[in-house]
2 protein chains.
Amino acid sequence: MDKLTFIKVGGKIVEEERILRQLLQDFVAIHGHKVLVHGGGRSATQLADRLGVKNKMVDGRRITDEEMLKIVTMVYGGLVNKQIVAGLQALGVNALGLTGADMNLIRSDKRPVGNVDYGFVGDVKEVNAEPLVSLIQQNIVPVLAPLTHDKQGRLLNTNADTIAGKVAGALTGYFKVTLIYCFEKKGVLLDENDNQSVISRLNHATFKQYVAQGIIRGGMIPKLENAFEAAESGVEKVIITQASEIRRGTGTQILPQE
Amino acid sequence: MDKLTFIKVGGKIVEEERILRQLLQDFVAIHGHKVLVHGGGRSATQLADRLGVKNKMVDGRRITDEEMLKIVTMVYGGLVNKQIVAGLQALGVNALGLTGADMNLIRSDKRPVGNVDYGFVGDVKEVNAEPLVSLIQQNIVPVLAPLTHDKQGRLLNTNADTIAGKVAGALTGYFKVTLIYCFEKKGVLLDENDNQSVISRLNHATFKQYVAQGIIRGGMIPKLENAFEAAESGVEKVIITQASEIRRGTGTQILPQE
């Protein structure tokens, strides 16, 4: 099986021109087939602020009402996605920007209202692997925006980490998949103030222990849960690292159950 | 050769939910391969107004500065494009939203500054037909946003009528192409106040005569020039009509030189 590398980037990386340019150069240098998954939350927040639309967050997750859905559709599906595509094309990479609605790649259900009503947020139900596989085999590089659809005409805001994990998992039958989640630190840290304290390999039992001890907390918990789910679904190598490290593949490797 | 129908819609049609729903139903009912090309200028104008960004137009053409380029990238590439894609997917059509940057489909040059500096506006230089042909032959329905790129990393705002004409023209070697430009009237009218005065067939000599007489004027002139160019480039049938007529194919047929 051919190798396929998934890179998930978010936050500052895709939203500052200089940093994005460096990321795209590093991405281009990765050998073999690849897929880029991006976020764009900061730009969405900025646009909402400029439009006088209130940003509502619960535990770091965005509440997506009708107005906010339009904003994320514009920012994720338009601005961020197409700037990345144009940037990769300039570097000779045959990029194609996609949401989960395009070619019905990712179908999701609107999240049921529980303690929190997240609004138009999607929980991934089905990844349509074949059209993606076909594109990748034609040396096209998919650039995935964090939007899915319900197949009833409704777009849904969907967590980019989840999309990366689910789509990477769905392609394990076709490729030998590596999934690299980029974030601000060099990896999962034993001491969040010491960038040298990277945990090189993390299994689920130790993860749970670190959560109980408060060593791993906040937004890292759902991020790592996505990473463990991807490792369990057959992704050969799941890594959490800094964007500047994607060529070297250092950072924290997330291990499946033995 | 298989039949391929291009539908170009703009203005109100794509921007009012009820009208868009009707258009998509009519579009779905067209037999054979098809492509949808859309505009979105009104939504871009509205977003610019809300953001306090000045809309500058010269002869009905938008001046696209850096801020406006971001706005059209969000509105055309994101909001309008992905809503259409999700709407078509709900109707069982395997739609794929694309800009000219995606798969390097349409390369353009930034328009040289002459009497007017249009800013980041692209003049189409090259249509990469093969990847589109391959998608269409897989029964995927491309939905084209009016954005191109310069292959140097820059997106460019590009007239949707021009994109429809150029891409339709580029596919004439692969399909028997019909191109339908939708606008507000039932066709080109001899008397703009009489919707019954549709000119059924129009050749270039008569067009020039009508322009000289003031019967055809304003925004219809560049629209018809695009239509004649498409007819000359081998598009089998070029029609100008109302969106509600696309299934019947009535309206004004634009004829190539004898």
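Tutor: Start with burial: a residue is buried if 20 or more other C-beta atoms lie within 10 Å of its own, exposed if 12 or fewer, and partly exposed in between, with C-beta atoms placed from the backbone. This is a predicted model, where local features need pLDDT of at least 70, side-chain atom pairs count only at pLDDT 80 or more, and totals for chains, interfaces and linings use all residues. Residues are numbered from 1 along each chain as its sequence is written, while chains are lettered from A and ligands numbered from 1 in the order in which they are written.

Student: What makes strand β2 of chain B mostly covered?

Tutor: Six of the six residues of β2(B), 33–38, are buried. A strand here is a DSSP run of E, at least two residues; a helix is a run of H or I, at least four; both are numbered from the N terminus. In a regular strand the side chains alternate between the two faces of the sheet. His33(B), Val35(B) and Val37(B) point one way from β2(B), and Lys34(B), Leu36(B) and His38(B) the other way. Both sets are buried.

Student: How do you know that β1 and β2 of chain B pair?

Tutor: Pairing needs at least two bridges found by DSSP. β1(B), residues 3–9, and β2(B) have six bridges, in the parallel sense. Among the bridge partners, Lys8(B) has Val37(B) in β2(B). β2(B) and β8(B), residues 141–144, are joined by two bridges and also run parallel. There, Leu36(B) has Val143(B) as its partner.

Student: What makes the largest nonpolar core a core?

Tutor: A nonpolar core is a set of buried Ala, Val, Leu, Ile, Met, Phe, Trp, Tyr and Cys residues joined through C-beta atoms within 7 Å. The largest has 160 residues; Leu179(A) and Leu179(B) are among those with the most contacts inside it.

Student: Which residues of chain A touch chain B, and how many are there?

Tutor: 31 residues of chain A are in contact with 31 of chain B; contact means C-beta atoms, placed from the backbone, within 7 Å. α3, α4, β5 and β9 of chain A each supply at least two residues of that side. The largest share, 13 residues, comes from α4(A).

Key
Two residues are in contact if their C-beta atoms, placed from the backbone, lie within 7 Å.
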